[in-house]
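This report covers domains, ligand surroundings, salt bridges and backbone exceptions. Please read it alongside the sequence and the structure.

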Amino acid sequence: MNSVSRRKFLKISGATIGVAAAGTALLKTTQALSNKAAKGVQTIPTYCDICFWKCGAIAYVNDGKLWKVEGNPLDPLSNGRLCPRGTGGVGAHYDPDRLKAPLIRKKNRGEEQWVEVTWDEAMTYIAEKMQKIKSQYGPEGVALFSHGIGGNFFKHTMKAFGTPNISAPSFAQCRGPRDVGFRLTFGEDVSSPERTDIKNAQCLVLIGSHLGENMHNSQVQEFADAVGDGSTVIVVDPRYSVAASKAKYYLPIKPGTDLALLLAWMNVIVSEGLYDKEYVQNYGFGFEQFAATLQQYTPEWAYPETGIDPDVIRQTAREMERYKPATLVHPGRHVTWYGDDAQRSRAIALLNALLGSWGRKGGFYTPVSMDVPAYPYPEYPKSEKGKVDNPDHKYPFAHETITNGIREATITGKPYPIKGWFVYATNLMHALPNENETIKAIQNLDLMVVIDVIPSEIAGWADVVLPESVYLERFDDLNVEWFREPFVGLRQPVVDSPDDQKPNWWMAKKLAEKLGLGHYYPWKHIEEYYEHRLSAAGLSYKELKKNGIIRGAKQPIYFDEGVPAEFPTPSGKIEFYSLQLQEAGFDPVPKYKRPTSGPPGSFRLLYGRAPVHSFSRTQSNHILMDMMNENEVWVNAEIAARLGLKSGDYVRLKNQDGVVCNKVKVKATERIRPDCVYMVHGFGHNSRMLKFAYMKGASDAQLLTRYEVDPLMGGTGMNMNFVTIESEVA
Ligand SMILES: Nc1nc2c(c(=O)[nH]1)N[C@H]1C(S)=C(S)[C@@H](COP(=O)(O)OP(=O)(O)OC[C@H]3O[C@@H](n4cnc5c(=O)[nH]c(N)nc54)[C@H](O)[C@@H]3O)O[C@H]1N2
Ligand SMILES: Nc1nc2c(c(=O)[nH]1)N[C@H]1C(S)=C(S)[C@@H](COP(=O)(O)OP(=O)(O)OC[C@H]3O[C@@H](n4cnc5c(=O)[nH]c(N)nc54)[C@H](O)[C@@H]3O)O[C@H]1N2
Ligand code: SF4
Ligand SMILES: [Mo]
């Protein structure tokens, strides 16, 4: 395959999806700093916010109207190409269902009835309620849920107010277990963007992580390059994913049994002496004890658990050995599956350690960053009570705040009451499992503020809704990224907001002022904040504004290039055997536990991503909905036939607790095992104000009433639900 067709298969392109008719004349490109009433075409660099990859982009504005967005060629996260969601991001600006003005609730929570108020009224109302909570319960009684870089200034205001209860679903509902498993092993996180050297990997192992549907831009580009270069790809997934279609080995594993496979792979690699002996010798701690525990986990032992043929387990283990250390066992990202996820992730880390891939080319590089000092704010007040989410360090290895821990404290009032929620850019009704628990918590609040761009489900529960300008209409914090090479990116407004929406920094500053915390915002406009930070780093804001990005010099990123092989674990080495875990009462080497099975006749519910949508945030975007306007439920073809179903029929899924989802179209396919069904996350909106997205497709989140909490770090394993399929009579 040449590089063009390689890229095409993953649908990363610079192609334009225009909202306004694409201009035909030769376009004169000018570098503009403000688009107000501008004539002709301007190009303005910024970075994307349709997901958390934060790709550098160039927006085209025609006569002051947003026309299209393309990748910024200077930016290493996009390399000049956006994914389809980024290209379609234009639709977020034009969405007719957007929130337009601040709203205060008129009736009961959840009834979606508000009155429009001015910004000043909204902020005064919020500040008064916050002060009341503070005087009764302390500042810790207010919690912030936020996701993405746009939350930075609200975090700052909340810390200034005195609460440490700040959390994002990216830990306990997403990558937390992975980062814990890797920290326990190597002393460091995988972080985001992942430090995976996919483009140089000669053997890439994907366990669930469905690159190509999961569209993190440069990661997918690197994957396409690796495939094009003939790298061996091994995919482990109960579903034949896009990635599986590029694989030399596809292992259709029984859901929830990956740890058995990982242990068997390590058994083969250790017993056949295939590991990187020098690396293990130099950097490993507790290898002998580790090796001893592995003896029981033969491929024959793993076979009945996983359904994977012992010969295939051996062959794939040898294939991994052949390319070491350029064999990358990808750690995944959304790994909150079964509640044993930190230990499964640790097993992935250990397998990589055996292959010597951490710190090596084709494995995990050591990321670098630009040194841009933080703004010198006054010190934050110290919290007397400490965080609410993890009482008595119940989850000893949680290194970030646990969203579901805050939710639980809000329900129980223990270890202390939480009476105010701020929710910034996270639709908790779709992001957290068990909707009823979220509602129960919300009912205990004295104040619930949601900052969103559209009337999402979570906004429907708010007392105050604050409408934000979409990313193409605002400045945001600087993106000082840890990556292959150092760089800093700028998000800047490309067009004006159509109504009375405001950017987060403006809201967070205004709120601080209302709370008497104005001294925490010594700058008037965010551009002053940029100037301050950038000049402290010896960088030019003018240059950043013009190009959207400033790149630093390349630096060594592999041990072989001179990066010191440091492992900030207690032993200072790679911990094959973990005394930390042992001391805390956990298995020092991961142990396999068979997953629970569902009621007879039921199917395990699995879920994932579609290339053209992000979670529950893009179903109101007309451009992206043009490409995919509902999700489907994947059902094994034989099962479908047995149930008398064919592709295109509508069904409803009913879970083990009797919850029934909205109707959803069947995709009868050989591409999934018979013991599970699969759907794309984020559809099935039931907020009535989302007129366009309302009831299109079904919501996986509604069906996730059960979850298994990871005892190491508090994450919610959500692949724990089983459904039956009920025909939908038209
Ligand atoms: N287009 C798009 N891309 C995205 C996002 C998006 O919203 N849209 N979101 C981004 C974010 S934040 C994240 S965290 C990532 C998530 O993406 P990933 O981390 O790649 O994937 P997951 O959602 O964990 O996994 C989904 C895959 O795991 C398989 N799977 C389910 N159960 C099992 C199991 O027991 N064993 C194995 N081996 N496989 C299993 C499913 O069949 C599916 O193919 O995607 C990122 N990229
Ligand atoms: N059932 C289920 N639950 C999951 C997952 C799953 O696959 N299935 N995936 C998990 C993972 S990996 C992750 S990372 C999380 C993601 O969880 P979230 O980040 O909460 O994802 P979304 O559901 O997209 O909610 C984002 C909200 O932010 C709003 N928003 C979008 N842009 C802006 C903006 O510019 N400003 C403001 N203020 N708001 C904005 C959107 O309208 C939406 O309401 O979910 C986790 N939970
Ligand atoms: S991966 Fe796609 S949606 Fe995410 S930031 Fe990049 S272009 Fe935007
Ligand atoms: Mo995620």
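## Basis and domains

Domain bounds here come from an automatic or database domain assignment. The chain is divided into domain 1 (179–366) and domain 2 (603–728). Their centres, taken over C-alpha atoms, are 28 Å apart. The contact (heavy atoms within 4.5 Å) takes 26 residues from domain 1 and 26 residues from domain 2.

This is a predicted model: local features need pLDDT of at least 70, side-chain atom pairs count only at pLDDT 80 or more, and totals for chains, interfaces and linings use all residues. Residues are numbered from 1 along each chain as its sequence is written, chains are lettered from A and ligands numbered from 1 in the order in which they are written, and side-chain values use heavy atoms, with hydrogens and water left out.

## The domain interface

The size of an interface is often given as the accessible area lost when the parts come together. Buried area is that loss on putting two parts together (1.4 Å probe), summed over both. Between domain 1 and domain 2 it is about 1,900 Å². Carbon and sulfur atoms give 61% of this area. In domain 1, R239, Y338 and G339 lose the most area to domain 2. Together they account for 26% of what that side buries.

How many salt bridges are there between domain 1 and domain 2? The count is zero; a salt bridge is a side-chain nitrogen of Lys or Arg within 4 Å of a carboxyl oxygen of Asp or Glu. Eleven residue pairs, both at pLDDT 80 or more, are in polar contact across the interface. A polar contact is a pair of N or O atoms within 3.5 Å; within protein, one must be able to donate a hydrogen and the other to accept it, and residues adjacent in sequence count only if both atoms are side-chain atoms.

Helices (H or I, at least four residues) and strands (E, at least two) are DSSP runs, numbered from the N terminus. On the side of domain 1 that touches domain 2, α6 (169–186) and α13 (341–355) each give two or more residues. The largest share, three residues, comes from α13.

A residue counts as near a molecule if one of its heavy atoms lies within 4 Å of it. Of the 32 residues around ligand 1, D237, D258, H334, Y338 and H613 come nearest. An oxygen atom of ligand 1 is 2.6 Å from a side-chain N or O atom of D237. For Y338, the distance from a side-chain N or O atom to an oxygen atom of ligand 1 is 2.6 Å. A nitrogen atom of ligand 1 is 3.2 Å from a side-chain N or O atom of R609.

R609 also has a side-chain N or O atom 3.0 Å from an oxygen atom of ligand 2. Around ligand 2 there are 30 residues, of which H147, T426, D452, E468 and S616 come nearest. An N or O atom in the T426 side chain is 2.7 Å from a ligand 2 oxygen. For a polar side-chain atom of S616, the distance to an oxygen atom of ligand 2 is 2.6 Å.

## Salt bridges and backbone

The whole structure holds 43 salt bridges. In one of them, E194 and R178 meet at 2.7 Å, N to O. E194 is in the loop between α6 and β9 (203–207), and R178 is in helix α6, 16 residues apart.

Most residues other than glycine have a negative phi, and most peptide bonds are trans. A cis peptide bond joins K324 and P325, with omega about 5°. Another cis bond joins K414 and P415, with omega about 0°. A425 has a positive phi, near 55°, and lies in the loop between β14 (420–424) and α15 (428–431).
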